[in-house]
Amino acid sequence: TYFQDRNRRWPFFTQGAGRDLLLNLVRAASRLVAVADAQLEAREDGERLRREGQGIYARKPNKKAEDVTWSQQEYAHAGLQREYVRFKSVQRFTETYALLERARAAGCFRDAAAAQAEGRPRA
């Protein structure tokens with residue numbers, strides 16, 4: 001069981017192979033978050049930036065007004081970058097993994113491999 005959302009409301013489930021991949025991702029992302037933390041701690045205004053980033057991530061202020069989640073200025077915010085790596089790396093990975101699991105179960109890869117072996121164009 002794992003959660004993609006910061007409030008841990010929506011549980012997701014995976015098998016052993018997915019769990020192992022997810023743990024590797026969390027280890028890699030944790031190193032990036034540690035780098036972001038060190039950069040914020042080195043700044044005089046680092047704690048303020050961290051809190052602002054958490055607020056920007058939570059509010060998504062442009063979602064309704066601009067039909068985008070965050071503005072370019074917000075994406076450049078050091079605190080938001082920390083939050084983004086912390087949460088979106090897991091969300092994007094698990095979304096992709098789940099899609100690939102469904103495609104495999106539907107036979108998409110088998111069909112593509114067979115087409116390639118036979119020299120047919122892949123659909």
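Helix α2 (residues 46–59) packs against α5 at an angle of about 45 degrees, and the two axes lie 6 Å apart; helices (H or I, at least four residues) and strands (E, at least two) are DSSP runs, numbered from the N terminus. Axes are lines fitted to C-alpha atoms, for helices over the stretch in contact, and angles run from 0 to 180 degrees between N-to-C directions. The model is predicted: local features need pLDDT of at least 70, side-chain atom pairs count only at pLDDT 80 or more, and totals for chains, interfaces and linings use all residues. Residues are numbered from 1 along each chain as its sequence is written, and side-chain values use heavy atoms, with hydrogens and water left out.

The helices α2 and α5 are therefore oblique to each other, given that angles under 35 degrees count as roughly parallel, over 145 as roughly antiparallel, 65 to 115 as roughly perpendicular and the rest as oblique. In this pair, Leu49, Arg50, Gly53, Gln54, Ile56 and Tyr57 of α2 meet Gly79, Leu80, Arg82, Glu83, Tyr84, Phe87, Lys88 and Gln91 of α5, where contact means heavy atoms within 4.5 Å. The residues of this contact comprise six nonpolar, four polar and four charged; Ala, Val, Leu, Ile, Met, Phe, Trp, Tyr, Cys and Pro count as nonpolar, Asp, Glu, Lys and Arg as charged, and the others, Gly among them, as polar.

Between α1 and α5, the packing angle is about 170 degrees and the axes are 9 Å apart, which makes α1 roughly antiparallel to α5. Residues of α1 in this contact include Leu21, Leu25, Val26 and Leu32, and those of α5 include Val85, Arg86, Val90 and Phe93. By class, 15 nonpolar, four polar and three charged residues take part in the contact of α1 with α5.

The axes of α1 and α2 cross at roughly 130 degrees and come within 7 Å; these two helices are therefore oblique to each other. Here Asp37, Leu40 and Glu41 of α1 meet Gly46, Leu49 and Arg50 of α2, a contact with two nonpolar, one polar and three charged residues.

The lining of the largest pocket consists of 16 residues, of which Phe3, Arg8, Val26, Arg86 and Val90 lie nearest the pocket centre. On a 1 Å grid over the protein atoms alone, a pocket is an open set of points where a 1.4 Å probe fits, with protein on both sides within 12 Å along at least five of seven lines, and lining residues have an atom within 4 Å of a point. The lining contains nine nonpolar, two polar and five charged residues, and α1 gives the most, with seven residues.
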